[in-house]
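Consider the model shown below. The paragraphs that follow lead through its elements in turn.

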Amino acid sequence: MSSKLANGAILFMCNFPYGTGYAWSAIENYFIALSEFFSKKKIPCYIGYPAISGSTPERLSDNLKIIKYSPYTKLPSLKILKRLNIKLILLIDRGSWSLRYMLFRLAGVRQIIIYDHTSGIRSTPKGLKRLAKKILHYLPWVSADLYIGVSKFVTRRLIEVNCVPPKKVRCVYNGIPLEKFSHNQKGALYKLVPQTRGHKIVFFSGRMCDYKGVGILIESAAHLIISKKRNNLFFICCGNGPDLCRFKKMVNEKGIQDKFIFLGKRNDIHLLLQDVHVAVVPSLWAEACPLAVLEPMASGIPVIASRVGGIPEIIDDKKTGQLVEPGNIKDLSSAIEKLLDEKIASYISKEGKRKIEKDFSFKIFMDNMCNIMGKYVL
């Protein structure tokens, strides 16, 4: 048993309810795999949620038991930490420092790790505010011991905005289970939406929110279908969110409701992608390391994505995908038309898939995480 853990346990602390879906499902899968790694070291693991609805298994794996903590603070009580003998906590998207971390340590926690997969640009502090942040990160009781970002964009933000010392920061990219996205079982989308058969399909998957650029995609679709008379196109959107009704209204107002289909939240994206010709990620905000880019690339689908956040770390423009300026309707429309060319699409899809296999596979993610946590914890 690890001397650093002192016969204790590990707690993966989620800041989202059980069964949320989207990128959070991937995080749960990461924790399941890490719990299996630690089971070989005979270190028990727990995963905590602020809310659990519906039927929930007692465990997500043989070595990952589910616990629930306060939905108000989204934090476990000190009694839980002591009772479970938690010695290491891995927090999702929490502040880089907090007085609560001091309470965790008083409850027996020895190591605190922050796992940051948040998107968005933040202002760089200056003057006294910057100095104060730097000082806080040299106070071990209120700061974390290690910070893991899902892209270099995130790790730079941790260093420049949060003022975390570079020596405490690591980058581990999201990982894709290649076997899930590499099969060639076509027809799932055609079966779901029969009218798409024989057409070129442009695909979007994500939350239905303004900052995901869905409105820009609708404008681009209207430009291509109506102004440029590209009647061979179908646009498929998967996901739900607060702006879904407004987007549906917008599609109707544009007169493209027969060519722009909303399928809602889906759990079979890996199957639907097999019938897709182009995937689009037109985000308006700085994405950290979006699965919406990684998944179609792993499926051999050419991807068009905004030049924001960590996306340029995934897409080499005009080689492994196509980058466009966020919010630029003509730029997006032109890129879609370009990638409908089979020769160009074939080259980009092959290079994109090779990029995922080289840098973004689930195995590479696990190797990196286990190497970091193994050295740090064991």
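Helices (H or I, at least four residues) and strands (E, at least two) are DSSP runs, numbered from the N terminus. The model is predicted, so local features need pLDDT of at least 70 and side-chain atom pairs count only at pLDDT 80 or more, while totals for chains, interfaces and linings use all residues. Residues are numbered from 1 along each chain as its sequence is written, and side-chain values use heavy atoms, with hydrogens and water left out.

Seven of its eight residues are buried, so α11 is largely enclosed by the rest of the structure; buried means under 20% relative accessible area, exposed over 50%, and partly exposed in between (1.4 Å probe, protein chains only). The buried residues of α11 are L291, V293, L294, E295, P296, M297 and A298. G300, which follows α11, has a positive phi, near 80 degrees.

G300 also belongs to the lining of the second largest pocket, where it is among the residues closest to the centre, together with K186, Q274, V276 and I301. A pocket is an open set of points on a 1 Å grid over the protein atoms alone, where a 1.4 Å probe fits, with protein on both sides within 12 Å along at least five of seven lines; lining residues have an atom within 4 Å of a point. Helix α14 (residues 342–359) contributes the most to this lining, with five residues.

The next subject is a sheet. Eight strands form an open sheet in the order β3-β4-β2-β1-β5-β6-β7-β8, with mixed pairing; two strands pair if DSSP finds at least two bridges between them. Because β3 (59–61) and β8 (169–171) stand at the edges with a single partner strand each, one side of each is left without a neighbour in the sheet. Further inside the order, β6 (residues 111–116) and β7 (residues 146–149) pair in the parallel sense over four bridges. In this pair, Y115 stands opposite I148 in β7.

Finally, nonpolar side chains tend to be buried together in soluble globular proteins. A nonpolar core is a set of buried Ala, Val, Leu, Ile, Met, Phe, Trp, Tyr and Cys residues joined through side-chain atoms within 4.5 Å. The largest such core has 98 residues, of which F31 and F104 touch the most other members. Helix α1 (residues 23–39) supplies the largest share of this core, nine residues. A second, separate core of 31 residues includes F204, A222, I225 and I348.
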